[in-house]
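I opened my notebook to record what I looked up.

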Amino acid sequence: FQMILTVFLSNNEQILTEVPITPETTCRDVVEFCKEPGEGSCHLAEVWRGNERPIPFDHLMYDHLQKWGPRREEVKFFLRHEESPAESNEQ
């Protein structure tokens with residue numbers, strides 16, 4: 001099984017990358033795939049109906065997308081070029 005996750009690399013949605021997702025792919029894998037070599041802390045955020053939330057690095061993305069079901073079309077994923085608010089809170 002494989003699906004493609006579209007990740008926007010900037011706010012204007014002009015620049016995007018398509019990430020192949022398997023059932024083992026974690027959010028961290030997606031971030032590593034999308035970010036520039038040598039770039040510092042980044043995180044993946046999902047935006048749905050104006051609400052943004054960071055996705056935990058250990059999240060399995062395939063399961064995550066399946067849970068959205070038919071609403072998946074409404075969800076956009078953005079690479080944020082900053083440390084995840086969620087990850088920094090846990091330290």
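My entries cover the record, a helix, the strands and the cysteines.

**Ground rules.** I am working with a predicted model, where local features need pLDDT of at least 70, side-chain atom pairs count only at pLDDT 80 or more, and totals for chains, interfaces and linings use all residues. Residues are numbered from 1 along each chain as its sequence is written, and side-chain values use heavy atoms, with hydrogens and water left out.

**The record.** I checked UniProt first. An unreviewed entry there places the feature "domain: Apoptosis-stimulating of p53 protein 2-like RA" at residues 2-81. UniProt positions are given in the numbering used here, feature names are shortened, and annotations may be inferred rather than shown by experiment. I then looked at that span in the model. Residues 2-81 are 20% helix and 34% strand, and their end C-alpha atoms lie 26 Å apart. Helices (H or I, at least four residues) and strands (E, at least two) are DSSP runs, numbered from the N terminus.

**Helix α2.** Which residues of α2 are buried? I found Met61, Tyr62, His64, Leu65 and Trp68 in this helix, which spans residues 61-68. Buried means under 20% relative accessible area, exposed over 50%, partly exposed in between (1.4 Å probe, protein chains only). These residues cover an arc of only 160° around the axis, so they sit on the same side of α2. The arc is that of the directions from the helix axis to the C-beta atoms. I next asked what they pack against. Their partners are β1 (3-8), β2 (16-21), α1 (27-34), β3 (43-48), β4 (51-54) and β5 (76-80). Contact means heavy atoms within 4.5 Å. Just after α2, I noted Gly69, with a positive phi of about 60°.

**Strand β5.** I followed β5 next. Four of its five residues are buried, so β5 is largely enclosed by the rest of the structure. β1 and β5 run parallel, joined by two bridges. There, Phe8 stands opposite Phe78 of β5. β3 pairs with β5 in the antiparallel sense, over five bridges. His43 has Arg80 of β5 as its bridge partner. Two strands pair if DSSP finds at least two bridges between them.

**Cysteines.** How many disulfides are there? I counted zero. A disulfide is a pair of cysteine sulfur atoms within 2.5 Å. The closest cysteine sulfur to that of Cys27 is in Cys34, 9.4 Å away, too far for a bond. For Cys34, the closest is in Cys42, at 9.1 Å, again too far. Cys27 counts as buried because its relative accessibility is 0%. Cys34 is buried too, at 8%.
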